[in-house]
Amino acid sequence: MFRIMFYQPCIPPNTGNAIRLAANTGCELHLIEPLGFSMSDAQVKRAGLDYHEMANVTVHPNLVTAWTTLKPERVFAFTAHAERFHTDVDYQPGDVLLFGPEPTGLPAEVLDEPEVTDRVRIPMLAGRRSHNLANAASIVVYEAWRQHGFAGAV
């Protein structure tokens, strides 16, 4: 399936919701430290409900370790500054879907990483801030999964 990556997430309920997303879609969730919370935080647990044991979640101490572990062929970095929409991508299993922390998004040094193969964005109305991190990941994951006929879904 696909690999969701949150770079230095700050808001516990967003990560809890991403745990549910990963459990319900078969995606892996990769979190890059430092995290703005503890994985034992009550808000993470509450948002993740009983999905923690059904989700494949890995916490990496830094981005270099994540790249070494994952050896990704394709990494799509999501940024409001990209020209290409998320729906313009032909997603493949194993793709890394990289999202930055709220409210700043991915920093320039991460966007410039050699592992990042493309920058894409989710369309939204002008003058708005950004989508909630877990919602943004959901939008992209479901588009990627749709392209593959919702393989394994009931």
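Predicted model: local features only at pLDDT ≥ 70, side-chain atom pairs only at ≥ 80, totals over all residues.
Figure 1. Arg3 stands opposite Val96 in strand β6. In strand β2, the bridge partner of Arg3 is Glu28. Between β1 and β6 (residues 96-99) there are 4 bridges, and the two strands run parallel. Strand β2 (residues 28-32) is also parallel to β1, to which 5 bridges join it. The chain gets from β1 to β2 by way of helix α1 (residues 12-25), in a right-handed β-α-β crossover.

**Figure 2. Salt bridge between Asp95 and Arg74.** Side chains of opposite charge can pair when their charged atoms come close. The closest N and O atoms of Asp95 and Arg74 are 2.7 Å apart. Asp95 lies in the loop between β5 (84-85) and β6, and Arg74 in the loop between α3 (63-70) and β4 (75-78), so the contact ties together parts that are 21 residues apart in sequence. Asp95 has a relative accessibility of 3%, which is under the 20% cut-off, so Asp95 counts as buried. Arg74, with a relative accessible area of 26%, is partly exposed.

**Figure 3. Salt bridge between Arg84 and Asp118.** The two side chains meet with an N to O distance of 2.8 Å. Arg84 belongs to strand β5 and Asp118 to strand β7 (residues 118-121); the pair links distant parts of the chain, 34 residues apart. Arg84 counts as partly exposed because its relative accessibility is 33%.

**Figure 4. Salt bridge between Arg119 and Asp112.** What distance separates the closest N and O atoms of Arg119 and Asp112? These atoms are 2.7 Å apart. The relative accessible area of Arg119 is 35%, so this residue is partly exposed. Asp112 is exposed, with a relative accessible area of 54%. The count for the model comes to 4 salt bridges, including the one between Arg119 and Asp112.

Methods:
Residues numbered from 1 in each chain as written. Heavy atoms only, no water. Pairing = 2+ DSSP bridges. Right-handed = clockwise from strand over helix to strand, strands pointing away. Buried < 20%, exposed > 50% of the residue type's maximum accessible area, 1.4 Å probe, protein only.
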